[in-house]
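Open the model in your viewer and keep the selection tool at hand. This tour goes from stop to stop and says what to pick next.

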Amino acid sequence: MTAVAEKTNLLGMPKAKMEAFFESLGEKRFRATQVLQWIHQRGADDFDQMTNMSKVLRDKLKEVAEIRGPEVVYDESSKDGTRKWVMRMDNGNSVETVLIPDGERGTLCVSSQIGCSLDCTFCSTGKRGFNRNLTAAEIIGQVWVARKAFMPFAPGPDRPITNVVMMGMGEPLLNFDNVVDAMNLMMEDLAYGISKRRVTVSTSGVVPAIDRLGEVTDVSLAISLHAPNDELRNQLVPLNKKYPIAELLAATRRYLARLPDKRKATIEYTVIEGVNDQPEHARELAIVLRGLPCKINLIPFNPFPESDFRRPSMNATRRFQAVLNEAGYIATVRTTRGDDIDAACGQLVGRVDDRTKRSQRYIQVQQVSP
């Protein structure tokens, strides 16, 4: 029995790869421009919709290609306007994507992996373990699905997604090539046309990948720091044992130095009661970050069932912020959004067929704990 050739999903192809695809079919490169606009600016998922191409070409594309986004299995809005989608990927696993509206700005939080290969102690995603990297089509597919939810599907000043942050499930820089392809589509004028200042990749500190990133793109960078010293960060972010704070911040400086404009890194700091929320932690953080162009985003811990950590009081968080502000930093406290639908920072879980068996170990520990 002859195997049926797998069709190429055009959804995740940035312009250069799309041009190469059409050249491989014996077609002109400008076809890539047409298809990119149909898919990402008009929401097309059927080649018959592409009326500025001949029927012969459309029929050829049907034979070898497809436009297939993730399947939406859950779509819910929070009382504060935050919207969460659970999207099923190939092999039955799912990821979560969140849109946070704020006045004229809409920030979409996008996932890069099914689960997470890291095990940060304050993050619910990490407790679910890890299955695999998402493809470029599955990453940009989250943007595509979210954009299609707001009809009509058309570019313009009133578009609902103005910012994208790679801060959902997974460590983006451990899925480097697919994340870069997807971010290129986010910034592509023929696709979503989002400013490089408004596309942000967040990392827990994969130092070699930060340096590599600086060679291929100039998106904005966020660092998940969460502690002012290596001893504490080793406990909260185990990756720190491989790439300690000094190496991470040095790589951040190198990345910023490559950018053609004066841009700041975002330092993400989850504030946890009794762990890293004291004024002395803030003073130490101010010293560690000295000389780094940055702004600090303080994130009050969002509780989840597998964690014994507690959310800090607002007074403690404000005291922490005041120390940083007095030291000359721009430090803001992130407003918790979407926690009533488990869409807040650190609460995304999806459905993960855990290849690491990490989730099973956490369940066993909970069962034997007093």
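Start with Arg42 and Trp38. The charged end of Arg42 sits over the ring of Trp38, 4.3 Å from the ring's centre. Bear in mind as you look that this is a predicted model.

Next, select Lys148 and Trp144. Here Lys148 lies over the face of Trp144, and the distance to the ring centre is 4.7 Å.

Now turn to ring against ring. How many aromatic pairs does the structure hold? There are 4 aromatic pairs. A pair of aromatic rings is described by the distance of the centres and the angle of the planes.

Pick Phe21 and Phe22. They form an edge-to-face pair, 5.4 Å centre to centre, with 80° between the planes. Phe21 is buried because its relative accessible area, 9%, is under 20%. Phe22 is buried too, at 0%.

Move on to Phe301 and Phe309. This aromatic pair is also edge-to-face: 5.9 Å centre to centre and 90° between the planes. Buried or partly exposed: which is Phe309? Phe309 counts as partly exposed, at 24% relative accessibility, whereas Phe301 counts as buried, at 1%. Ring pairs link Phe301, Phe304 and Phe309 into a cluster.

Last stop: the second largest pocket, with a volume of about 280 Å³. It is lined by 16 residues, and the closest to its centre are Asn9, Arg68, Asp90, Thr135 and Glu138. Colour β1 (8–9) and α5 (136–148), the elements that give two or more residues to this lining. By class, the lining has 9 charged, 4 polar and 3 nonpolar residues.

Key: Residues numbered from 1 in each chain as written. Predicted model: local features only at pLDDT ≥ 70, side-chain atom pairs only at ≥ 80, totals over all residues. Heavy atoms only, no water. 1 Å grid on protein atoms, 1.4 Å probe; cavity = no way out; pocket = protein on both sides within 12 Å on 5 of 7 lines; lining within 4 Å. Points joined across faces, edges and corners; volume = space filled by probe spheres on them. Helix = DSSP H or I, 4+ residues; strand = E, 2+ residues; numbered from the N terminus. Nonpolar A, V, L, I, M, F, W, Y, C, P; charged D, E, K, R; others polar. Phe/Tyr/Trp six-rings, centres within 6.5 Å; stacked < 30°, edge-to-face > 60°. Buried < 20%, exposed > 50% of the residue type's maximum accessible area, 1.4 Å probe, protein only. Lys NZ or Arg CZ within 6 Å of the ring centre and 35° of its normal.
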